[in-house]
Amino acid sequence: MVPTKKSAVLVDGVILNGPTTDAKAGEKFVEEAWRLIMEEVVLKATDVNEKVCEWQPPEQLKQLLDLEMRDTGEPHHRLLELCRDVIRYSVKTNHPRFFNQLYAGLDYYSLVARFMTEALNPSVYTYEVSPVFLLVEEAVLKKMIEFIGWKEGDGIFNPGGSVSNMYAMNLARYKYYPDIKEKGLSGLPRLILFTSAECHYSMKKAASFLGIGTENICFVETDGRGKMIPEELEKQICQARKQGAAPFLVCATSGTTVLGAFDPLDGIADVCERHGLWLHVDASWGGSALMSRKHRRLLQGIHRADSVAWNPHKMLMAGIQCCALLVKDKSLRSLLQHLASFYAVFSLRSVPEYAN
């Protein structure tokens, strides 16, 4: 950053117009950095002759990279050298030979969308500050809800499927015990939830964070292919009630981490309906199969779920992170609106003069 010289504006001894970026120099740096990104990342993304990663052990990599946080700035040529080093020693997740369940290669259109969001730097919490992206978010969530098979619903994007699962657990608890918000955990019975023995570790993490406790998770037996057995689920629910516990949630998985198993959602939904339990489907990985005419049968019955976690970054080539929690119940839409009512009042106040 190159500071420009100007007269200081002082208010109570505080400089209000401190050093600012030289716009011309900044624009030139962006152009040069953009050219570097195009040459070293985008244009080489599909070249199998390039390395997936120039791997270095941690201690050696620390020596190769300049990680010192100095009190003074760096000239542009040095910043470009640092950019080149970052690219050189990073894992090329777009490489044709990079195989991981979270990645599907380079999507040029998604990349451009991310360039725009980074350049515009929006924060999507009110229409006033982010009108376009708020409407885009609403449209995308609506389409995802349609693929699930719901006639209506609502949703929110989250920083990871783990957070989506935790939000779903929190919603399920709130629906059955709405006093939790004011009275806390002290007024609750022993809550217990059920999930597959092959579930994602985030279920334990969510139970821990929410004060439910990992010992109050019942892991239901799976078959030889890693799918939850509905009959075993029903047995555990009945046993928990005999022990005085209060079942409130069942989490099925569509696409388990290790085996890629899809739980039998219709059978699990039948059990949940008989016992009045919230059904959440962790489709973080497998949810995108809903868009396949051939494979959407793997999620048969997902429309009967109360909530669904779905990560478009895992199969639909959206950039990381892109994770949604979707809910079906109209009353929950009203609940979410009520919980955020102070925000709604703020965002719907008269539009400021500068926007006219």
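Asparagine 121 sits out in the open: its relative accessible area is 65%, so it counts as exposed (with a 1.4 Å probe and protein chains only, exposed is over 50%, buried under 20%, and partly exposed in between). Keep in mind that this is a predicted model, where local features need pLDDT of at least 70 and side-chain atom pairs count only at pLDDT 80 or more, while totals for chains, interfaces and linings use all residues. Residues are numbered from 1 along each chain as its sequence is written, and side-chain values use heavy atoms, with hydrogens and water left out.

**The chain as a whole**

- You're looking at a protein chain with 12 helices and 9 strands (DSSP runs numbered from the N terminus: H or I of at least four residues for helices, E of at least two for strands).
- Of its 356 residues, 35% count as buried.
- Take the contacts (heavy atoms within 4.5 Å) between residues at least 6 apart in sequence: 67% of them join residues at least 24 apart.

**H1 against H3**

- Helix H1 (residues 23-42) packs on helix H3 (residues 76-89) at about 25 degrees, and their axes are 11 Å apart (axes are lines fitted to C-alpha atoms, for helices over the stretch in contact, with angles from 0 to 180 degrees between N-to-C directions).
- That angle makes H1 roughly parallel to H3 (under 35 degrees is roughly parallel, over 145 roughly antiparallel, 65 to 115 roughly perpendicular, and the rest oblique).
- On the H1 side, the contact uses Ala25, Gly26, Phe29, Glu32, Ala33, Leu36, Glu40 and Val41, and H3 answers with His76, Leu79, Leu80, Cys83, Arg84 and Ile87.
- Sorted by type, the residues of this H1 and H3 contact come out as 9 nonpolar, 2 polar and 3 charged (nonpolar: Ala, Val, Leu, Ile, Met, Phe, Trp, Tyr, Cys and Pro; charged: Asp, Glu, Lys and Arg; polar: the others, Gly among them).

**H9 against H10**

- Helix H9 (residues 230-242) and helix H10 (residues 265-275) cross at roughly 25 degrees, and their axes come within 9 Å.
- H9 and H10 are therefore roughly parallel to each other, and their crossing is right-handed.
- H9 brings Pro230, Leu233, Glu234, Ile237, Cys238 and Arg241 to the contact, and H10 brings Gly267, Ile268, Val271, Arg274 and His275.
- The H9 and H10 contact splits into 6 nonpolar, 2 polar and 3 charged residues.

**H4 and what follows**

- Helix H4 (residues 108-120) has 13 residues, which at 1.5 Å a residue should span 18 Å; its end C-alpha atoms are 19 Å apart, which agrees (the expected span is 1.5 Å times one less than the number of residues).

- Most residues other than glycine have a negative phi, and most peptide bonds are trans.
- Asparagine 121 has a positive phi of about 55 degrees although it is not a glycine.
- Methionine 317 has a positive phi too, near 70 degrees; at 28% relative accessibility, this methionine is partly exposed.
- Isoleucine 320 and glutamine 321 are joined by a cis peptide bond, with omega about -5 degrees.
- Glutamine 321 lies in the loop between strand E8 (307-310) and strand E9 (323-327), and methionine 317 is in the loop between E8 and E9 as well.

**Serine 164**

- Serine 164 belongs to helix H6 (residues 161-176) and, at 0% relative accessibility, counts as buried.
- Leaving aside neighbours within four places in sequence, serine 164 touches Asn158, Ala309, Cys323, Ala324 and Leu325.

Methods
Left-handed = near helix turned anticlockwise from the far one by under 90°.
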